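Hi,

Here is the structure I promised to pass on. Have a look at it first, and then read my notes below.

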Amino acid sequence: MNQVLMIIMAAGAVAGGIDRMLGNKRGYGAKFEEGFLFLGPTALSMAGMMCLAPVLSRVLGRIVIPFYRIIGADPGMFGSLLAIDMGGYQLAKDLAQNPRIGSYAGIVAAAIFGCTIVFTIPVGMGILEKQDRVFFAKGIMLGLVTMPVGLLVGGVLSGISAWECLRQNLPVLVLSLVLLLGLWKIPEKMVRGFELFAAGIRLLITGGLVLGAVEYMCGFNPVKGMAPLSEAMEVVSSIGIVMLGSLPAAEFLKRILQKPFQILGKRIGINPVGMTGLLVGAVSVIPGLSLYKDMDARGKVANAAFLVSGASLLAAHIGFTVSTEPELLGALIAGKLSGGAAAFLLSLMIPAGRRTSL
């Protein structure tokens with residue numbers, strides 16, 4: 001399966017490159033360029049944390065390892081609290097006592113739960129209009145309810161038994177319940193908390209990037225044990241290469257599915273923009289949310305629900321997984337798609353509700 005996916009992305013790179021040489025007549029050349037331009041944002045979001053990961057794992061390990069041992073979970077699962085490409089993978093691998101659990105936590109769980117709390121929720125609540133936040137929050141709650149589906153499917157395909165997967169995810173599931181209750185009872189305070197948490201992560205990542213750059217240029221670093229910035233940039237570069245093909249391939253998939261999705265939307269009561277948002281969100285969260293204002297209420301809830309598990313699957317998360325642990329690519333795709341599909345279906349069963357404000 002992995003080889004087939006790599007061939008598809010290579011074909012996307014070829015198609016995008018040829019279209020760019022011919023003047024971008026079909027739009028695939030622009031996606032080819034966009035894939036390469038992802039290098040900057042990707043480096044800003046993850047390189048600093050990759051440099052700091054050994055230091056953080058050493059410091060946090062003194063608290064995390066004993067605590068996770070007490071509750072019967074592998075300390076590597078702590079990495080799932082951060083996004084896959086914002087330090088979650090590195091922390092999971094550094095803290096894990098079982099390498100298989102560390103890989104699962106850093107790839108599958110971090111791409112679902114970590115991405116939601118570090119990126120999707122703070123970004124969504126920050127850029128959406130106030131009157132739309134209630135639909136977004138409701139969708140996030142539905143996505144958290146169905147998130148165990150994706151975690152379980154991804155875990156089994158990662159080589160972990162269903163029971164072991166549930167046991168390892170106990171801290172994640174408890175925290176998800178707390179987040180769900182918080183979004184329901186005290187949404188304004190939860191939004192502020194997410195914003196502060198995301199700001200703290202950005203400060204940490206930027207600090208790591210600065211220290212890594214100083215060490216690279218001057219050979220001096222006051223924080224001992226950091227990974228070299230050049231090693232982090234190697235991973236970033238490999239992600240950029242994959243994105244050269246994954247974005248044109250995702251654009252092709254979006255185009256061929258758009259008509260069937262619009263037909264499906266008519267039957268289930270979601271307008272065309274809402275259905276398009278699902279496809280766009282599977283590529284990147286921010287462009288998907290930019291369509292929010294033109295969606296109907298049901299589409300807004302459905303899109304937010306889908307993003308909990310399905311966000312950024314077809315671009316950044318595939319690119320990161322291919323460059324780090326390609327053998328888990330199938331588990332990542334199946335986990336995120338199954339969790340996103342379950343959330344979407346649940347959102348169709350729940351009334352969208354009236355437009356109110358948080």
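The buried residues of α4 are I84, D85, M86, G87, G88, Y89, Q90, L91, A92 and L95. Here "buried" means under 20% relative accessible area, "exposed" means over 50%, and "partly exposed" is in between (1.4 Å probe, protein chains only). That leaves α4 mostly covered, with 10 of its 12 residues buried. The cover over those buried residues includes α3 (39-70), α5 (99-127), α9 and α14 (313-324). The helix names come from DSSP runs numbered from the N terminus: H or I of at least four residues for helices, E of at least two for strands.

Before going on, please keep in mind that this is a predicted model: local features need pLDDT of at least 70, side-chain atom pairs count only at pLDDT 80 or more, and totals for chains, interfaces and linings use all residues. Residues are numbered from 1 along each chain as its sequence is written, and side-chain values use heavy atoms, with hydrogens and water left out.

Leaving aside neighbours within four places in sequence, D85 is in contact (heavy atoms within 4.5 Å) with S45, M46, A316, H317 and F320.

N303 sits in helix α13 (residues 297-310). N303 counts as buried because its relative accessibility is 5%. Not counting residues up to four places away in sequence, N303 touches G274, G277, L278, Y292 and M295.

Next, helix α1 (residues 2-21), where you'll find I18 and also L5. L5 is in contact with L329 and I333, again leaving aside neighbours within four places in sequence. L5 and I318 are 313 residues apart in sequence, but 9.8 Å apart in space, C-alpha to C-alpha. As for I18, a relative accessible area of 40% makes it partly exposed. Together with V14, M21 and L22, I18 forms a nonpolar patch on the surface, with about 430 Å² of accessible area in total. Patches are made of residues with over 30% relative accessible area and no salt bridge; like charges are joined within 9 Å, and nonpolar side chains (Val, Leu, Ile, Met, Phe, Trp, Tyr) within 5 Å.

R192 is in helix α9 (residues 187-218), and R192 is partly exposed at 48%. R192 and G208 are 16 residues apart in sequence and 24 Å apart in space, C-alpha to C-alpha.

Finally, the whole protein. It has 15 helices and 0 strands. Its radius of gyration, taken over C-alpha atoms, is 20 Å, close to the 21 Å that the globule rule (2.2 Å times the number of residues to the power 0.38) gives for 358 residues, so the protein is as compact as a globular protein of that length. The C-alpha trace spans about 60 × 55 × 40 Å along its principal axes. Of the 358 residues, 53% count as buried.

Cheers

How values were computed. Accessible areas come from the Shrake-Rupley method with a 1.4 Å probe; for residues, only the protein chains shown count as cover. A salt bridge is a side-chain nitrogen of Lys or Arg within 4 Å of a carboxyl oxygen of Asp or Glu.
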